[in-house]
There are 2 protein chains.
Amino acid sequence: MHDLHEKGGRLRLRRQINMKKIINDPSCVVSEMLEGIAAVNPEVVYHPGFEVISRRRKSDKVGLVSGGGSGHEPSFAGYVGPGMLDAAVSGNVFASPSPERIVTAIKESDCGKGVLLLLMNYSGDVMNFEMARDIAECDGISVEIAVVKDDVSTEDDDYSAGRRGIAGTVLVHKVVGAKAEQGADLAAVAETARKAIANVRTMGMAMSSCILPAVGTPGFFLGENEIEIGMGIHGEPGIKRTEVMPARELAHTLLEKIFADRDYDGQEVAVMVNGLGATPLMELYILAREVNARLLEKDIRVHRYFVGEYMTSLEMSGASVSLMALDDELKALIDAPCDTMALKVGRSCL
Amino acid sequence: MHDLHEKGGRLRLRRQINMKKIINDPSCVVSEMLEGIAAVNPEVVYHPGFEVISRRRKSDKVGLVSGGGSGHEPSFAGYVGPGMLDAAVSGNVFASPSPERIVTAIKESDCGKGVLLLLMNYSGDVMNFEMARDIAECDGISVEIAVVKDDVSTEDDDYSAGRRGIAGTVLVHKVVGAKAEQGADLAAVAETARKAIANVRTMGMAMSSCILPAVGTPGFFLGENEIEIGMGIHGEPGIKRTEVMPARELAHTLLEKIFADRDYDGQEVAVMVNGLGATPLMELYILAREVNARLLEKDIRVHRYFVGEYMTSLEMSGASVSLMALDDELKALIDAPCDTMALKVGRSCL
C-alpha cells in the first residue's frame, strides 16, 4: 500500500483522502482498524484476512459471536472480552462479512459447548451467518442463531425482511454474554437471547449523513434545519423528515414511537442513549435528561443507564434511545460484570 | 424555559436550534447536561447553580477537584468517582467557572485532609482557581494547585501564559486520583501531580470547527482539504495549516513534535489517542495503529493505551496523541482501579 503511494498512486490518494478522514488507504480501513484494536488491547487477538477479533484467553463455556459491517465502532470488536463476546467478525464498511470469515469466528469461539451467533436483522447478514452456521455444523460444532430486530421505525424495507437491528443489540450482547459466562448451556443461552430480543426496542434519528471511505461523498443530504426520524444506521429511510426540535420534544417523539409498539408502563428497564458518531456527549446527556423525565412520568423505573457511543455510523450525527424491559433474570445479567474495551460493568478491582 | 417557547420565544428558539444540536435552550446546556449526568449516574450528585458534580459516597482522603469550561465532555464530570476526582466544576461552554463555584467543589471534596486542584493552564482558570484556593484557605481548608501544560504546540498565546493544558490532563487525573485513593497526604499527592505533569506531552490536530450553542455558527473555517496541526481545544491557533495527510504521516507529525520537546526513547509510557468529538472511533484506532508502529521503532514501550473520547471540543473533528513517561510509581498508579462514568481501569467485579 505504501508502494501504491510512491508508484504514482499519489493523485488517487489525494482525491480519496480529501474527505478529511484519519486513514491511509480507503481500501484498508477495516484491517488497519482491527490491527489498531489488537495493538492497544492486549486481551484480544486479530486474525488477519478473516477480520476477526477474538479473546486471547478462552474460557470453557458457550461461545458468543457477533458481527456485521464495519463502521459501527465500537460495535462489535470493542465488545470482545469477559462477560460479552468471544469473537467479533467484520465485513467491509456497511457490508456483511463473508461466511468464511464468520466460520473463523465460530471456530475461535467454540470450546466444545457450541456457539450462539447474535446478529442484526439485515438480509445479507442473515444469509451469510446462516451459511456459516451450516458449514460449522458440518464440522461438528453446535450453532444457534438469534437475530435482533429492535428498530421500531419500520417494518420491511430493501435492507431487511422485518425490522432492522440497531443499538439495542448491544444491550442484548450484554445480557447474553453474562448468561454464557455463568456456564449456561447453548439452549439456555439462546433462550435468554430470545427473551432479551423480545424485550428491547430502539428508535433513532439522524442529523447528518456519513461518508463511506471508499466513496468519499455523503450518502444522502439533509437540509440545514432538517433531521430524519427513524433513519437506519446505514442511512436507510426513516419515518419522516422534520425540522430540528428541542431535546425535550425529540425525546418524546422517539419514546412515543417505542411506547406505541410495546408497553413499558410500570416496568423496570435498562436504557441506552446512543450517539451515532459525531454527536457531542453534552447533547447525549441532555437527551438522557429528557428521556429520564419522560420515563418518570410513565412510572417506568430505570435500573441502569448506558449513555455514550455504542453503535455508530462513522461520523453520522444523531442519536437513538433503546429500552429493554428487565425481569429478575435480565436484571441480574445486566448488572453482571463485563470487561471489554468499550463496555465495563461492575466495580473495578485488580 | 418552556414558557419562553410558548410566549413568543419560538422564533428565537428556531433560529438558535437550527445549528442542529440536541438541546433545549442554548443558555441552559450546562445545567441540563449536568442534570442528565446525575440522572444516569447514581454515584454522583449535582449541585445546581454551582455546576458542580461530586461523589455521592465520600471517603476519608485528600480531595481532588478539577474543572474548567464546559464543552470538553466527558471532561471533567465524567471522571468523578473512586480512583479519580472527588468533584468537577463547570463553567459555561469554553468559559472558566467562577471562584464561588470552585469553592463549592472544594468544600464538597474536603474531608479535613485538604484538597488538590488540578487544572489546565488557561489564564482565566488559573486566576479563578487561585482565588478559590485563597477563599477556601481562609475557611481553614488546605489547598494545593497543580497546573497541566501538556500541549507542545505553542508556548504563550492569548489564552495562556505558557503552554496550554489539553487531553494529557486526563492521564494526570488518573494517576493523581489513584495516589489520593491510596491515602497519601496532600504534599505527597501534589508531588505526584507535579511529576506526572512533568512527564506528559500532547500534540493535537483539528479537521473542523465546533459550534458554540450560544453562538450558533462555527468559530473558524478550514478549507475542504485542510487541517490544522496543533490547534487548541477551544480553537486556539496551532502551528500550521496543511493538506489532509495519510494517518501514518499524521502520527509521525504529531509524535515528532512531542519527541522534539521531550525524549521518550527507551522509556515506558502510557499513551492516549483522543478524539475531539466528531472523529469516528474507526479513525482513532487507525491512528493508534500508526502511533504504535512509530513507538516500536523508537523502542518506546507502551504500558497501557487509552483510545477514545476523553477530552473533546463539542463536535470538533480531530484528534490528539499524549505520552506520559512512567516510572514504577506512575506505572502502579496508572494500573490502579478507577471507577468513573467515562474511565474504568481494573478488572470488573461486583
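In this predicted model, helices α3(A) and α4(A) sit oblique to each other, because their axes cross at roughly 55 degrees. Helix α3 of chain A covers residues 99-109 and helix α4 covers residues 123-138, and their axes come within 8 Å. If you look at the handedness, α3(A) passes α4(A) in a right-handed crossing. On the α3(A) side, the contact uses P99(A), I102(A), V103(A) and I106(A). Facing them from α4(A) are N128(A), F129(A), M131(A), A132(A), R133(A), I135(A) and A136(A). Sorted by class, that contact comes to 9 nonpolar, 1 polar and 1 charged residues.

A word on the spacing of such residues: an α-helix has 3.6 residues a turn, so residues three or four places apart point the same way.

Now for α3 in chain B, again residues 99-109. Here 8 of the 11 residues are buried, so the helix is largely enclosed by the rest of the structure. The buried ones are P99(B), R101(B), I102(B), V103(B), T104(B), A105(B), I106(B) and S109(B). Who does the covering? The cover includes strands β2, β3, β4, β5 and β6 of chain B, along with helix α4 of chain B.

As for distance, F50(B) and R289(B) are 239 residues apart in sequence and 41 Å apart in space, C-alpha to C-alpha.

A77(B) is another loop residue, placed between β3 (63-70) and β4 (87-93) of chain B. This one is buried, because its relative accessible area is 7% and the cut-off for buried is under 20%. Leaving out residues up to four places away in sequence, A77(B) touches L34(B), I37(B), I53(B) and A88(B). A77(B) and C210(B) are 133 residues apart in sequence, with 20 Å between their C-alpha atoms.

| Helix pair | Axis distance | Crossing angle |
|---|---|---|
| α3(A) and α4(A) | within 8 Å | roughly 55 degrees |
| α2(A) and α8(B) | 7 Å | about 65 degrees |
| α6(B) and α9(B) | within 11 Å | roughly 95 degrees |

The cross-chain pair, α2(A) with α8(B), makes a left-handed crossing. From α2(A) come V29(A), E32(A), M33(A), E35(A), G36(A), I37(A), A39(A) and V40(A), and among their partners in α8(B) are M282(B), Y285(B), R289(B) and E290(B). That contact has 9 nonpolar, 2 polar and 4 charged residues.

Within chain B, α6(B) and α9(B) cross at roughly 95 degrees and are therefore roughly perpendicular to each other. T192(B), K195(B), A196(B) and N199(B) of α6(B) meet E329(B), L330(B) and L333(B) of α9(B). The classes here are 3 nonpolar, 2 polar and 2 charged.

Last up is helix α5 of chain A, residues 168-181. Its 14 residues reach 20 Å from first C-alpha to last, close to the 20 Å expected. Of those, 13 are buried, so α5(A) is largely enclosed by the rest of the structure. Just after the helix, G183(A) takes a positive phi of about 95 degrees.

Methods: Residues are numbered from 1 along each chain as its sequence is written. Chains are lettered from A and ligands numbered from 1 in the order in which they are written. This is a predicted model: local features need pLDDT of at least 70, side-chain atom pairs count only at pLDDT 80 or more; totals for chains, interfaces and linings use all residues. Side-chain values use heavy atoms; hydrogens and water are left out. Helices (H or I, at least four residues) and strands (E, at least two) are DSSP runs, numbered from the N terminus. The expected span of a helix is 1.5 Å times one less than its number of residues. Buried means under 20% relative accessible area, exposed over 50%, partly exposed in between (1.4 Å probe, protein chains only). Axes are lines fitted to C-alpha atoms, for helices over the stretch in contact, and angles run from 0 to 180 degrees between N-to-C directions. Angles under 35 degrees count as roughly parallel, over 145 as roughly antiparallel, 65 to 115 as roughly perpendicular and the rest as oblique. A crossing is left-handed if the near helix is turned anticlockwise from the far one by less than a right angle, and right-handed if clockwise. Contact means heavy atoms within 4.5 Å. Ala, Val, Leu, Ile, Met, Phe, Trp, Tyr, Cys and Pro count as nonpolar, Asp, Glu, Lys and Arg as charged, and the others, Gly among them, as polar.
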